[in-house]
Amino acid sequence: MHLAHLRLRDFRNYARLDVDFAPGFHLLLGDNAQGKTNILEAVYLMATLRSFRGVGSAQMIRQGAKGYFVGGKVVGQGEAEIKMYWSVAERNLSLNGRTVKKLAEYLGTLRTVVFCTEDLQLIKGTGRVRRRFLDLLLSQTQPGYLGLLQRYAHTLRSRNALLKQRSLDEVALEGFSRELVAVGTEITRQRREIVPRISPLARLAYRRISNDAEELRIEYLPSVKKDFAVELAQSRARERSQRMTVVGPHRDELQLELNVRSAAQFGSEGQKRSVAIALKMAQAEYLTGLHGSAPLLLIDDVMGELDVKRRSGFLPLLEQVHRSRGQVFMTCTEENWPRELGLELHRWRVHAGALKA
Amino acid sequence: MPLPSSIAALTAALSKLPGIGPRSAERIALHLVQSESGAVSQLADAIVAARVKVHLCTTCGALTEISPCEICASPRRDASLVCVVERPVDILSVDKGGTFHGKFHVLGGKISPLDGVEPEDLRIAELEARLQAEPIQELIIALGTDVEGDATSYYLAKRLARAGLKITRIAHGLPAGTGLEFADELTLSRALEGRRELS
Ligand SMILES: Nc1ncnc2c1ncn2[C@@H]1O[C@H](COP(=O)(O)OP(=O)(O)OP(=O)(O)O)[C@@H](O)[C@H]1O
Ligand SMILES: [Mg+2]
Ligand SMILES: [Zn+2]
């Protein structure tokens, strides 16, 4: 799959942009603050309807403009035309000229994996970051997972609101508990299934890119050990004192260990960075295996920070993308773009919200 | 030149109506002030008359001009069967199906902790009174399949359970969500389930 055309209107620092991209390897070169990352952000937005910078849509509207437009043509098995418009008052998403009514029918049109400096939060950040990693992977691969997740979040918020009321209506609470258990159990099941699938991929990727001989181990530590209904009932005393739901998939953890020691606590900075990249490579390889073609790789500033050994660990993945006529977009400032990548490169100069070949 | 203040006031009032944004509100206001005044008076009278005449049926909570409403008063309706819905308008959509010949009860909402709607805010006590007074043998709960609809259905089944009363549930309607909010699942692919007994 590849993005054959990208069209931006009033997106970040791009007033208007129309550009064609061939399959293959694209280097986005330019000084700081010229709009390199913004391109990756727009591509990722089309794939996931979110910014990988974790900001809302309002921030992506070009300063002074009313709304942004992001559109593109995706060429894979067939062709798909994506159009997104977002303003405070109006938003629209269409696929091949038809308004998208169900996200499940849209997600998957464009698949991407992003590598960026924020990935370090996968190791350093709270469990929320790691749960989001799992959730994104599951939303990309399991139809209906996103719906489950949103229903769970809504039920959880409702239930917590009930727990905060002065007088607790036990029957009403039970109504929401049942819902939480039904949806939460399914989320736990899907997370439990996917972790062993990506864990060996991450271990191999880590071995390829790291300089040390340590073993990366990923383990799923669900909050619910066996039976959500039973464990929820057992937590009532703690719920009552903390006035919130204390067991459930919102408390799951994904444990990352190097030689049986927590990567967050004992890993060096370089090791943490390698673990983050290994997780993302595992994600890309998992998606490739599942769909038979590689996702678009969006690599932001990451390569420059890596030494030659780590970079060369990347090569098999890049070659895989190349073979399946996929695409890689990589941002670099001039000085540090990795010259050893001998693949045919398309070089783009990014300057003040414009792209030049 | 800014618009006269009476037009601005009308626009503001109109834009409070459901489904009418500021732009349409202004268009309607401009249309009204340039319309023939008889037509505008008729519209104003119709609005006031409807508001004065229509109220909730004291029995079932439907919108009606007479109380009890036509359905509650009808001898041709099966009085042993009552369908519980969220809003008055839901009566229309259930009734349109043509297969239901019982009576109705409008709850006036769903238990929704996030909106501060508690069981006491709903017409549940009225329903309990009807269970005492009427020969009701079966309640069919027809609430949406969103989280609140499910939780409220369960709540009703628990609170209203009594000997000789069957309580069943049919899925009715889809979770609201017409405006597309990115990264929000719009409709949960829950097939319309058959009527099943709640335990
Ligand atoms: N909403 C917006 N409206 C207008 N300009 C914006 C908006 N958001 C960001 N920018 C501008 O975009 C530029 C940053 O773009 P981007 O993050 O893509 O830079 P970059 O080329 O990746 O730089 P670096 O090499 O430092 O990472 C800045 O000039 C910033 O002011
Ligand atoms: Mg950047
Ligand atoms: Zn009535």
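## Close-up views of a predicted model

**View 1. Strand pairing at β7 of chain A.** In β7(A), the residue that bridges to A:L95 is A:R98, as seen in this predicted model. The two strands β6(A) and β7(A) are paired in the antiparallel sense, and their pairing extends over 2 bridges. Strands of a sheet pair through backbone hydrogen bonds, either parallel or antiparallel.

**View 2. The open sheet of chain A and the helix packed on it.** Chain A has an open sheet of 6 strands with antiparallel pairing, in which the strands follow the order β2-β1-β4-β5-β6-β7. At the edges stand β2 (14-20) and β7 (98-99) of chain A, each with a single partner strand, so one side of each is left without a neighbour in the sheet. Helix α1(A) packs on this sheet, where it touches β1 (2-11), β2, β4 (67-75) and β5 (79-87) of chain A, and the direction of α1(A) makes about 110° with that of β1(A).

**View 3. The side of chain A that touches chain B.** Where the two chains meet, 30 residues of chain A are in contact with 23 residues of chain B. On the side of chain A that touches chain B, β6 (91-95), α5 (145-164) and α6 (170-209) of chain A each supply at least two residues, and α5(A) gives the most, with 10 residues. By class, this side of chain A has 11 nonpolar, 9 polar and 10 charged residues.

**View 4. Two helices of chain B in contact.** Helix α1 (residues 5-14) and helix α2 (residues 22-33) of chain B have axes that come within 8 Å and cross at roughly 130°, which makes α1(B) oblique to α2(B). The crossing in which α1(B) passes α2(B) is right-handed. On the α1(B) side the contact is made by B:I7, B:L10, B:T11 and B:L14, and on the α2(B) side by B:A25, B:E26, B:I28, B:A29, B:L32 and B:V33. By class, the contact of α1(B) with α2(B) has 8 nonpolar, 1 polar and 1 charged residues.

Technical notes. Residues are numbered from 1 along each chain as its sequence is written. Chains are lettered from A and ligands numbered from 1 in the order in which they are written. This is a predicted model: local features need pLDDT of at least 70, side-chain atom pairs count only at pLDDT 80 or more; totals for chains, interfaces and linings use all residues. Two residues are in contact if their C-beta atoms, placed from the backbone, lie within 7 Å. Helices (H or I, at least four residues) and strands (E, at least two) are DSSP runs, numbered from the N terminus. Ala, Val, Leu, Ile, Met, Phe, Trp, Tyr, Cys and Pro count as nonpolar, Asp, Glu, Lys and Arg as charged, and the others, Gly among them, as polar. Axes are lines fitted to C-alpha atoms, for helices over the stretch in contact, and angles run from 0 to 180 degrees between N-to-C directions. Angles under 35 degrees count as roughly parallel, over 145 as roughly antiparallel, 65 to 115 as roughly perpendicular and the rest as oblique. A crossing is left-handed if the near helix is turned anticlockwise from the far one by less than a right angle, and right-handed if clockwise. Two strands pair if DSSP finds at least two bridges between them.
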